[in-house]
Amino acid sequence: MRAGFLSRFEGASCPAPLLDSITLIDTPGVLSGEKQRIERNYQFIDVCEWFATRSDLILLLFDPHKLDISDEFKQVISTLRGHDDKVRIILNKSDQVDQQQLMRVYGALMWSLGKVFRSPEVCKVYIGSFNSEAPIDAAKNPNCVELFEKEQAQLLHDLYEIPSRSCDRKVNEFVKRVRAFRIHLLIMGHLRKNMPAMFGKDKAQRKMLERLPDVFFQVQREYHLPAGDFPDVVRFRDILSAFDFAAFPKMTKSMVKQVDDVLSVDVPNLVRMFDNPY
């Protein structure tokens, strides 16, 4: 799979000042046909997830005539869970519809994204015509030309600001990983604690795997954790089924304290140690 992706991965350089500080990754468009997806010869969703984890900003592009969110696009968006603060929506080619149509398109887009993201917070949306080689067409929507120009300027401003936010972003990503590790530790500790000492280990493990959502809820309630920080239960179950719960080391209070100290002591000290060069 890796060879299939690398054989299609290409790079290009452009004489743009912005690219001195950032790298743009342009993914191929999502597909709706099963045949096209199979012919990729690599796991497109996994590649998107890999890049999303390492990106400072994620741009999802739409245009007024293509608002459909295919099954593959839904899978891509699902991999962005936990990176919601990075996601921005671009409604491109907005100068191709009039003002009334644009309002309807914007509403339909927000409704569709709301069903997929399942988050009370709305992603930031840039509305305009983002083609540097073609001027904004004022024929269909002259009232929004000023808006499109401001949106384009705002997008460029946000892109130029990425290097100045990079240090903060890396710290935030580290904190996110530590919090995920803490939850992982607490789940493993709960599973190990509920395994019998002698007989019936296989039956107990199967039962906990079947009731993994209940296990998540018990851990969440016991340690007062936000539900949104927990991993995807289906994926977690698939990975967990390959392990023997009885072989997990017992969780101790000192283990949890070490992780808590990283969040409450080490990370604040780290932030104070370096200065943002920008």
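This is a predicted model: local features need pLDDT of at least 70, side-chain atom pairs count only at pLDDT 80 or more; totals for chains, interfaces and linings use all residues.
1. Searching the whole structure turns up six aromatic pairs. Take Trp50 and Phe51: their ring centres are 5.1 Å apart and their planes stand at 90°, so this pair is edge-to-face, as planes over 60 degrees apart are counted that way.

2. How exposed are the two partners of that pair? Trp50 has a relative accessible area of 45%, which makes it partly exposed. Phe51 has a relative accessibility of 16% and counts as buried, because the cut-off for buried is under 20%.

3. Now look at another ring pair, Phe216 and Phe230. Their ring centres lie 5.4 Å apart with the planes at 45°, so this pair is tilted. It joins distant parts of the chain: Phe216 belongs to helix H9 (residues 212-223), while Phe230 is in the loop between H9 and helix H10 (233-240), 14 residues apart. Are these two residues buried or exposed? Both Phe216 and Phe230 are buried.

4. Follow H11 along its axis and you will find a bend of about 40° at Val262. Buried residues in this helix include Val256, Val259 and Val267. Which helix do the buried residues of H11 pack against? Their partner is helix H7 (162-193).

5. H7 also packs with helix H6 (residues 145-160). Two packed helices are described by the angle between their axes and the distance between the axes. For H6 and H7, the angle is about 50° and the axes are 6 Å apart. The two helices are therefore oblique to each other. Where they meet, Asp158, Leu159 and Tyr160 in H6 come up against Ile162, Pro163 and Arg165 in H7.

6. Finally, zoom in on Asp158, which is found in helix H6. Is Asp158 buried or exposed? Its relative accessible area is 9%, so Asp158 is buried. Which residues does Asp158 touch, leaving aside its neighbours within four places in sequence? Asp158 is in contact with Lys124, Tyr126 and Arg165. Arg165 is also one of the H7 residues at the meeting of H6 and H7.

Terms used
Residues are numbered from 1 along each chain as its sequence is written. Side-chain values use heavy atoms; hydrogens and water are left out. Rings of Phe, Tyr and Trp (its six-membered ring) pair if their centres lie within 6.5 Å; planes under 30 degrees apart count as stacked, over 60 as edge-to-face and the rest as tilted. Buried means under 20% relative accessible area, exposed over 50%, partly exposed in between (1.4 Å probe, protein chains only). Helices (H or I, at least four residues) and strands (E, at least two) are DSSP runs, numbered from the N terminus. The bend at a residue is the angle between axes fitted to the seven residues ending there and the seven starting there. Contact means heavy atoms within 4.5 Å. Axes are lines fitted to C-alpha atoms, for helices over the stretch in contact, and angles run from 0 to 180 degrees between N-to-C directions. Angles under 35 degrees count as roughly parallel, over 145 as roughly antiparallel, 65 to 115 as roughly perpendicular and the rest as oblique.
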